[in-house]
Amino acid sequence: MKKAVAAKKSSTKDATGPSPSKLIDGRIKELGDWRGEMLARVRGLIKQADPEVVEEWKWRGVPVWEHDGIICTGETYKEVVKMTFAKGAALDDPAGLFNSSLDGNVRRAIDIREGEKINEKALKALIRAAVELNGSKKKAAKKPVKRSA
């Protein structure tokens with residue numbers, strides 16, 4: 001007799017568990033230092049730049065902000081809060097915010113250290129540009145293919 005094996009779906013939205021937003025709230029509180037304050041501040045700027053942003057919790061504990069795809073992540077380390085933009089290499093960065101992961105073909109990151117100031121206007125512009133890029137990729141994928149006769 002064969003045993004039926006149910007496939008377990010991996011999801012950030014476990015119906016019985018806390019929402020991604022609650023998990024991010026918990027991370028901020030758990031940090032309890034400048035990193036938590038900075039993560040909360042960055043989160044607020046992301047929401048101001050894109051009120052329709054969706055918060056996710058991926059890769060066993062990484063806050064992720066999405067809109068038609070990943071905009072950025074908010075990782076916390078001992079020395080930095082790192083915002084990694086999924087398609088950062090394709091974004092214009094006139095203010096020079098990207099200061100990490102500069103050698104990659106796709107991603108770019110911003111490492112924020114304790115006591116550093118954030119150029120809020122430039123960061124919001126970068127977030128909006130990432131949302132626009134994600135939206136343009138989605139629209140391009142939906143365009144019908146023209147075929148010649």
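In what order do the 5 strands of the open sheet run? In this predicted model, the order is β1-β2-β3-β4-β5, and the pairing is antiparallel. Two strands form the edges: β1 (54–58) and β5 (108–113). Each of these edge strands pairs on one side only. From one strand to the next, the twist averages 20°. Strands of a sheet pair through backbone hydrogen bonds, either parallel or antiparallel.

One pairing can be followed in detail. Strand β2 covers residues 62–66, and strand β3 covers residues 70–76. The two pair in the antiparallel sense over 3 bridges. Within this pair, valine 64 stands opposite threonine 73 in β3.

Helices accompany the sheet. Helix α1 (residues 20–31) lies across β1, β2 and β3. Its direction runs at about 70° to β1. Helix α2 (residues 34–49) packs on the sheet as well. Helix α2 touches β1, β2, β3, β4 (80–85) and β5. The direction of α2 makes about 30° with that of β4.

The protein chain as a whole has 3 helices and 5 strands. From the N terminus on, its elements run α-α-β-β-β-β-β-α. Of its 149 residues, 40% count as buried. The accessible surface comes to about 10,200 Å². Carbon and sulfur atoms hold 51% of that surface. Contacts along the chain were also counted. Among those with a separation of 6 or more, 51% join residues 24 or more positions apart.

Key: Residues are numbered from 1 along each chain as its sequence is written. This is a predicted model: local features need pLDDT of at least 70, side-chain atom pairs count only at pLDDT 80 or more; totals for chains, interfaces and linings use all residues. Side-chain values use heavy atoms; hydrogens and water are left out. Helices (H or I, at least four residues) and strands (E, at least two) are DSSP runs, numbered from the N terminus. Buried means under 20% relative accessible area, exposed over 50%, partly exposed in between (1.4 Å probe, protein chains only). Contact means heavy atoms within 4.5 Å. Accessible areas come from the Shrake-Rupley method with a 1.4 Å probe; for residues, only the protein chains shown count as cover. Two strands pair if DSSP finds at least two bridges between them. Axes are lines fitted to C-alpha atoms, for helices over the stretch in contact, and angles run from 0 to 180 degrees between N-to-C directions.
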